[in-house]
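Hi there,

Here is the structure I promised to pass on. Have a look at it first, and my notes follow below.

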Amino acid sequence: MFFTNCPLRCAWCHNPEAFALCGSGHEDEEKKVRMVTIRGLLKEVERDVAYYDRSGGGVTLSGGEPLVQARFVERFLTACRKRDLHAAVDTSGAVPVEFIEMAAELGDLILYDLKSIDDGIHREWTGKGNGLILGNLERLNELDVDVWIRLPMIPGVNDDAETLEKTVRFLRKTRFRRVSVLPYHRIGEGKYAGFGLDYRLVGVDPHPPERITEIRRMFADAGFDSHVGS
Ligand code: SF4
């Protein structure tokens, strides 16, 4: 399930609704936001329980940034735990550390996005530096929860050898070994103009599949359980 709102402004975000919907003045788009109660959401989730049981899956809270609505997430995760429902939280990490600690305590899995290990690049392409994000990841390293690292791979932004090597060095100091390389795509590009936003990556082509495989292998060679995609 997708939550609206996000503290970051990644230039490649394929959900610009996440930061453009609420208060955007785009009435049609704002109508797509649905207010839900914990009880209502649980009802929807429980309809899929048989499927989760068969597939070994569960609920993923994504966005936008779900932890922007931390109190709601806290109550929802508590309810999932009581029902023995597997719950994952997909976070940008750009939130106060106590929200991360709460998700680690109540969730079963944290999907943690790392946009760039370089503070300047991070600031330039997401609107914020990465200090809070790396600090929260270090805190997660001390906690008892499964964490999968997700690395959006954006051509010309964070895919150079030096940045990748720095990322490997940083992650090797942690206990996290599952890494997903997320190839850049242009699915969101067409939405930007509709929101009156500039798409900064016009003309940037996705990596050829061989380059993504090469990056995945580089992480595998460094001892990571590396994947392409989720
Ligand atoms: S963190 Fe995710 S939802 Fe937020 S702007 Fe970046 S890509 Fe979009």
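By class, how many residues in the shell around the ligand are nonpolar, polar and charged? Please keep in mind that this is a predicted model. The shell has five nonpolar residues, four polar ones and two that are charged. The residues around the ligand are Cys 6, Leu 8, Arg 9, Cys 10, Cys 13, Asn 15, Ala 18, Gly 63, Gly 64, Glu 65 and Ser 92.

Buried in α11 are Ile 215, Arg 216 and Phe 219. Viewed down the axis of α11, the buried residues fall within an arc of 95°, so they line one face of the helix. As a reminder, an α-helix has 3.6 residues a turn, so residues three or four places apart point the same way. The cover over the buried residues of α11 includes β4 (146-153), α9 (161-172), β5 (178-183) and β6 (225-228). On the other side of α11, Glu 210, Arg 217 and Asp 221 are exposed. Just after this helix, Gly 223 has a positive phi of about 100°.

The other helix is α7, residues 119-126, where His 122, Trp 125 and Thr 126 are buried. Down the axis of α7, its buried residues fall within an arc of 85°, so they line one face of that helix.

How values were computed. Residues are numbered from 1 along each chain as its sequence is written. This is a predicted model: local features need pLDDT of at least 70, side-chain atom pairs count only at pLDDT 80 or more; totals for chains, interfaces and linings use all residues. A residue is near a molecule or strand if its C-beta atom, placed from the backbone, lies within 6 Å of it. Ala, Val, Leu, Ile, Met, Phe, Trp, Tyr, Cys and Pro count as nonpolar, Asp, Glu, Lys and Arg as charged, and the others, Gly among them, as polar. A residue is buried if 20 or more other C-beta atoms lie within 10 Å of its own, exposed if 12 or fewer, and partly exposed in between; C-beta atoms are placed from the backbone. Helices (H or I, at least four residues) and strands (E, at least two) are DSSP runs, numbered from the N terminus. The arc is that of the directions from the helix axis to the C-beta atoms. Two residues are in contact if their C-beta atoms, placed from the backbone, lie within 7 Å.
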